[in-house]
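Me: I have a model open that I have not seen before. Can you walk me through it?
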Amino acid sequence: MSLLQIRNLTKKIGNKTIVDQLTLDMEKGEILGLLGPNGAGKTTTIRMIVGLMSKSGGHVRIDGTDAHAHFEQAMRHVGVIVENPDLYKYLSGYDNLIHFSRMTPGVTDARIREVVALVGLEHSINDKVATYSLGMRQRLGLAVVLVHKPSLLVLDEPTNGLDPAGIRELRRHLKHLAQNEEVGIMISSHLMSEMEMMCDRVAILQQGKLVGIHKISDMADDERTQVRFEVDRPDLAVQILQSILSGDVITTDQRHIQIVIAKTQIPDISRELMGAGINVYGVHAIQKTLEEKFMEITGGEEH
């Protein structure tokens, strides 16, 4: 059974449908990104999953438990951060963890120390949170939602306000949780470069509808890609390519030739060029970024 099962999840406010019949599954140890323009329904979806907003229809099951019929039982499996975590700044990091751990029976001091090490706060856990950087507070917030050993983390814009080093740090911790602790992580963010480096799959929402779920690895391994050949005789190379790739658009400059081909064609084309006495100094496949893919899928809607 999937860690998270969403079936026909819907939210309507008056005559407006904010989320429309959303259905998806998520597995343990997976990092799933929610992408979409502003107003696509990402935050509304997250709030309905964790019970911060009522739903108009549909079902959510977390670790096999119906989140509507058995809300408290389902939420025992979940940790949630919506933007920046709320912490008591006048308390130490350790006292914050003690306070929040009391909300869940059975959290031991050993478990608290374990999550402190997991997020890398051993040397500052006894300092007051008021002295923490934003990145350290984000890591402490992560420790807070991990003390009860959730199987699902739901994070809405967790990188807001973080500098590049803080974002990189957070990404490292989340990937460690997914790979080593088998925690499933659902994350929404506007930073597509980060989503591309962090996520296993992305679910793309537009106007409340799910328009596609894509594996990051599949998006990087498209059948056809733009390839640039660096050669010493581009004019001759163009003639040769035109003879073996009739109909394809070939662009060139003083030292490079670019063409959209299947990756499997690269070795054959390289051999053809070198067989004609053309020196090939480099071959570079130009992958489309997640942002470019996103713009294609959503029709270029601004976000």
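Me: What radius of gyration does the protein chain have, against a compact globule of 303 residues?
Reply: The protein chain has 24 Å, while a compact globule of 303 residues would have a radius of gyration near 19 Å. The radius is taken over C-alpha atoms, and the globule rule is 2.2 Å times the number of residues to the power 0.38. This is a predicted model, in which local features need pLDDT of at least 70 and side-chain atom pairs count only at pLDDT 80 or more, while totals for chains, interfaces and linings use all residues. Residues are numbered from 1 along each chain as its sequence is written, and side-chain values use heavy atoms, with hydrogens and water left out.

Me: What does the C-alpha trace span along its principal axes?
Reply: About 75 × 50 × 35 Å.

Me: And how many helices and strands are there?
Reply: The protein chain has 11 helices and 14 strands. These are DSSP runs numbered from the N terminus, with helices being H or I of at least four residues and strands being E of at least two.

Me: What share of the residues is buried?
Reply: Buried residues make up 46% of the 303 in the protein chain. Buried means under 20% relative accessible area, exposed means over 50%, and partly exposed is in between, using a 1.4 Å probe and protein chains only.

Me: Which strands does strand 7 run parallel to?
Reply: Strand 6 is joined to strand 7 by 5 bridges, and the two run parallel. Strand 7 (residues 152-156) is also joined to strand 8 (residues 184-188) by 5 bridges, again parallel.

Me: Which residues pair up there?
Reply: L153 in strand 7 is the bridge partner of G79, and I185 in strand 8 is the bridge partner of L153. From strand 7 the chain crosses through helix 6 to strand 8, and this β-α-β crossover is right-handed. Right-handed means that, with the strands pointing away from the viewer, the path from the first strand over the helix to the second runs clockwise.

Me: Is strand 7 mostly covered or open?
Reply: Mostly covered, with 5 of its 5 residues buried. L152, V154 and D156 point one way from strand 7, while L153 and L155 point the other way.

Me: What about H77, where is that?
Reply: H77 is in the loop between helix 2 (71-75) and strand 6. Not counting residues up to four places away in sequence, H77 touches I62, D63, T65, P150, S151 and L152. Contact means heavy atoms within 4.5 Å. H77 counts as partly exposed, at 24% relative accessibility.

Me: Changing topic, how many salt bridges are in the whole structure?
Reply: A search finds 7. A salt bridge here is a side-chain nitrogen of Lys or Arg within 4 Å of a carboxyl oxygen of Asp or Glu.

Me: Which residue does R7 meet in a salt bridge?
Reply: R7 meets D25, at 2.6 Å, N to O. R7 lies in strand 1 (residues 4-13) and D25 in strand 2 (residues 16-26), so the pair ties together parts 18 residues apart in sequence. R7 is partly exposed at 31% relative accessibility, and D25 is partly exposed at 25%.

Me: And are E30 and R201 buried or exposed?
Reply: Both E30 and R201 are buried. Their side chains meet in a salt bridge at 2.3 Å, N to O. E30 lies in the loop between strand 2 and strand 3 and R201 in strand 9 (residues 201-206), so this pair ties together parts 171 residues apart in sequence.

Definitions and conventions
Pairing = 2+ DSSP bridges.
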